Amino acid sequence: MEEQRSNEDEAVSPAKLRFHRELFSRPSLHGSRNTLRPEDARLFPGESLPAAFARALCERRATCLKELLEATEVFALARKAVRAPVVADLCCGHGLAGLLFAIFEREVERVHLVDRERPASADLILQAAGDVAPWAPSKVEWRREQLKRTTLEPGTGVIAIHACGLRTDRAIELAVEAGGGIAALPCCRPHRGHPAPEGLKLALGADEAIDVHRTYALEQAGHRVRWKTIAPTISPMNRVLIASARRDVDA
Ligand SMILES: C[S@@+](CC[C@H](N)C(=O)[O-])C[C@H]1O[C@@H](n2cnc3c(N)ncnc32)[C@H](O)[C@@H]1O
């Protein structure tokens, strides 16, 4: 089955935009890669902390709407399954998804932001977090490293948003080793290089087969896996694999 394609005219279910519901009716904006500006703060009215953080990101010109919605939607879907005293955002880019755990989850004491590069926008996002959630920046530890060298302490919850190719599988491997939950939003699946059975790739399509293979790997390791989606208007690569390490947690 093909993943849903982005379609600006497609109605987006309210359930699919969890933090910024005022944007339901504006799907044509969801995939915007234009940097949010101070004047865009009006898109995020209200007194809530998510709205205040979004406005702070606008003030700092820290990111675009697509990145904000991608991170907040995955966070909203995955927070219960992933939260733990230590959370790692792997191939984190500017680290927005991991930072959401530092801001919104009291249980989370430390957040490791792991990437081989640290973009300039990472500082802006951290500053925006500090503007509205002064408790958050001190929880964050940046780790500039190659994912193949990464190790995680036991119990770490893992996020891997568009980690690209086999790095999603590496993130799954790390979550299994650590025994924590994981939320992965896979992209550009490596059709030839992935160990999913060729028969499944032919029968189901490679993208589907690869995620089935990942699901079995997690289930065999004792995780419980759910497939969810974020709105295709945010990203056409919109399937989220959510795996809880504890059988009593409802992802
Ligand atoms: C498509 S971006 C996703 C970034 C972020 N998760 C997001 O959703 O905005 C992929 C990220 O993986 C990082 N990356 C690529 N290869 C890596 C590696 N071998 N080890 C660590 N990070 C890597 C890149 O620097 C980039 O930030």
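Helices (H or I, at least four residues) and strands (E, at least two) are DSSP runs, numbered from the N terminus. The expected span of a helix is 1.5 Å times one less than its number of residues.

This is a predicted model, in which local features need pLDDT of at least 70, side-chain atom pairs count only at pLDDT 80 or more, and totals for chains, interfaces and linings use all residues. Residue numbers start from 1 along each chain as its sequence is written.

**Stop 1: the whole protein.** Show everything. There are 8 helices and 7 strands. The C-alpha trace spans about 50 × 45 × 35 Å along its principal axes. Buried residues (20 or more other C-beta atoms within 10 Å of their own, with C-beta atoms placed from the backbone) make up 47% of the 251 residues.

**Stop 2: helix H3.** Select residues 65-82. At 1.5 Å a residue, these 18 residues should span 26 Å; the end C-alpha atoms are 24 Å apart, which agrees. Now centre on Ala-76. H3 bends there by about 45° (the angle between axes fitted to the seven residues ending there and the seven starting there). Is H3 largely enclosed, or open? Of its 18 residues, 15 are buried, so the rest of the structure largely encloses H3.

**Stop 3: the sheet.** Select the strands. Seven of them form an open sheet, in the order S3-S2-S1-S4-S5-S7-S6, with mixed pairing (two strands pair if DSSP finds at least two bridges between them). Strand S3 (140-144) and strand S6 (224-229) stand at the edges. Each has a single partner strand, so one side of each lacks a neighbour in the sheet. From one strand to the next, the twist averages 15° (axes are lines fitted to C-alpha atoms, for helices over the stretch in contact, and angles run from 0 to 180 degrees between N-to-C directions).

Zoom in on S1 (residues 86-90) and S4 (residues 157-161). They run parallel, joined by 3 bridges. Val-87 stands opposite Gly-157 in S4.

**Stop 4: helices on the sheet.** Bring back H3. H3 lies across S1, S4, S5, S6 and S7, at about 20° to S7.

**Stop 5: helix H2.** Select residues 49-59. Its buried residues include Pro-50, Phe-53 and Leu-57. They pack against H3, H4 and helix H5 (121-132), through contacts (C-beta atoms, placed from the backbone, within 7 Å). Step just past H2 to Arg-61, which takes a positive phi of about 50°.

Note on methods. A residue is buried if 20 or more other C-beta atoms lie within 10 Å of its own, exposed if 12 or fewer, and partly exposed in between; C-beta atoms are placed from the backbone. Two residues are in contact if their C-beta atoms, placed from the backbone, lie within 7 Å.
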